[in-house]
Amino acid sequence: MSSSAMEADTSDLVCQLDNVQGIVDALSTVRWKRHQDAVVELSEHGIVLIVEETGCLQAKVYLQKELFIRYEYTAQGRPRFGLSLGLFVDCLNTFSVPGHSSTIEIRYPGPDMQLLIKSADSLDDCIYAEIRTRIPETISWDYNFEPAGSTPLSFTVKSAALKEAIDDLEWPGSCIQIILKPVPPSVTFRGEGHGDLQIDFMYYANTDLLIAFHCDHQVSYRYKYKFLRATTSNMPSSVTKDNRGSKLTIGRGGMLKVQHLVSVARPSTSHQHIDSAGYQQPSRIAYIEFFVKPEEDEDTVND
């Protein structure tokens, strides 16, 4: 395609990013199957990508404007468009060079409503790509996550430990029960299949793994294993290697929210600090949120 299409000044959004691999890692976290449609929403605050599964699982990737070295937004309202998540990730991968922090420019919309991407590292050589977008067939529905009470029911666990626990509980077609107890403060993952397998995180005994815990009454909910596994199955190695924390919160009706942090900082400038919730936060991060509905036949245990 001609460069004039990329240089048109009618775009709703023009942004530049200097760590393509970080964005690839963030988007890959919510890619739990080969063929997946996504909805992208643009705003003055950044970019949100949403994927869903059968009305029981939703994931969102938040790319705040602070992650970009350039972010020019001129649209009225919040444009939304659909695209193939796999195609988007594979396209971005072509701009990622191992050991090199590649800079790309993203524009929307192109002359035919495409998402336009080009390399911005060199004036001599340039790679262009375009992705066909479409009008979303259905508007992504809001899970309306609400707190279960005055005290949040939440815990933060090292991401690698969470992924290992969920992987170990695999039973085809089964459910996983999550139990929070205030006394003794603990989190239990229990798998049901040909037998029972239980993994316990005791807050005071395992503060190196369970790094934050808030619960004032016992609760118990069951979740479909395939949906729970989707929250960690494609967690990038950068998250597990950096030993970051993932936060899980149980809301009203048993809605489960799982939050991960993925670094989008240039490798040479990446640094971290730990906040009051137990998160290890790099300087520039993408926020990943999963929402998992509980099985309807499970009653909540309230003590």
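This is a predicted model: local features need pLDDT of at least 70, side-chain atom pairs count only at pLDDT 80 or more; totals for chains, interfaces and linings use all residues.
Local features need pLDDT of at least 70 and side-chain atom pairs count only at pLDDT 80 or more, while totals for chains, interfaces and linings use all residues. Numbering runs from 1 along each chain as its sequence is written, and side-chain values use heavy atoms, with hydrogens and water left out.

**View 1. The chain as a whole, for orientation.**
The chain comes to six helices and 20 strands, taken as DSSP runs numbered from the N terminus (helices: H or I, at least four residues; strands: E, at least two). Of its 303 residues, 53% are buried; that label means under 20% relative accessible area, with exposed over 50% and partly exposed in between (1.4 Å probe, protein chains only). Take the contacts (heavy atoms within 4.5 Å) with a separation of 6 or more: 70% of them are between residues 24 or more positions apart. The accessible surface is about 14,300 Å², and carbon and sulfur atoms hold 48% of that. Those areas come from the Shrake-Rupley method with a 1.4 Å probe; for residues, only the protein chains shown count as cover.

**View 2. The largest nonpolar core and Leu180.**
This core has 77 residues, and Val30, Leu49 and Leu180 have the most contacts inside it. Domain 1 (5-131) and domain 2 (153-292) each supply at least three of its residues, with bounds from an automatic or database domain assignment. Here a nonpolar core is a set of buried Ala, Val, Leu, Ile, Met, Phe, Trp, Tyr and Cys residues joined through side-chain atoms within 4.5 Å. Leaving aside residues up to four places away in sequence, Leu180 touches a list of residues including Phe155, Val187, Phe213, Cys215 and Ile250.

**View 3. Arg31 meets Asp90.**
The structure holds 13 salt bridges, each a side-chain nitrogen of Lys or Arg within 4 Å of a carboxyl oxygen of Asp or Glu. In the one between Arg31 and Asp90, the closest N and O atoms sit 3.4 Å apart. Arg31 is in the loop between α2 (20-28) and β2 (37-43) and Asp90 is in helix α3 (residues 85-93), so the pair ties together parts 59 residues apart in sequence. Both ends are partly exposed: Arg31 at 22% relative accessibility, Asp90 at 41%.

Arg70 and Glu105 form a salt bridge with closest N and O atoms 3.3 Å apart. The two are 35 residues apart, Arg70 in strand β5 (residues 70-73) and Glu105 in strand β7 (residues 104-108). Glu105 is buried at 4%, whereas Arg70 is partly exposed at 26%.

Asp167 pairs with Lys163, and their closest N and O atoms are 3.6 Å apart. Both belong to helix α4 (residues 159-168), four residues apart, about one turn of the helix. Asp167 is partly exposed, at 29% relative accessibility. Back in the previous view, salt bridges with shared partners join Arg70, Glu72, Glu105 and Arg107 into one network.

The peptide bond joining Tyr108 and Pro109 is cis, with omega about -5°; Pro109 lies in the loop between β7 and β8 (115-119). Met113 is found in the loop between β7 and β8, with a positive phi near 65° in a residue other than glycine. Another cis bond runs from Val183 to Pro184, omega near -15°, and Pro184 lies in the loop between β11 (175-182) and β12 (185-192).
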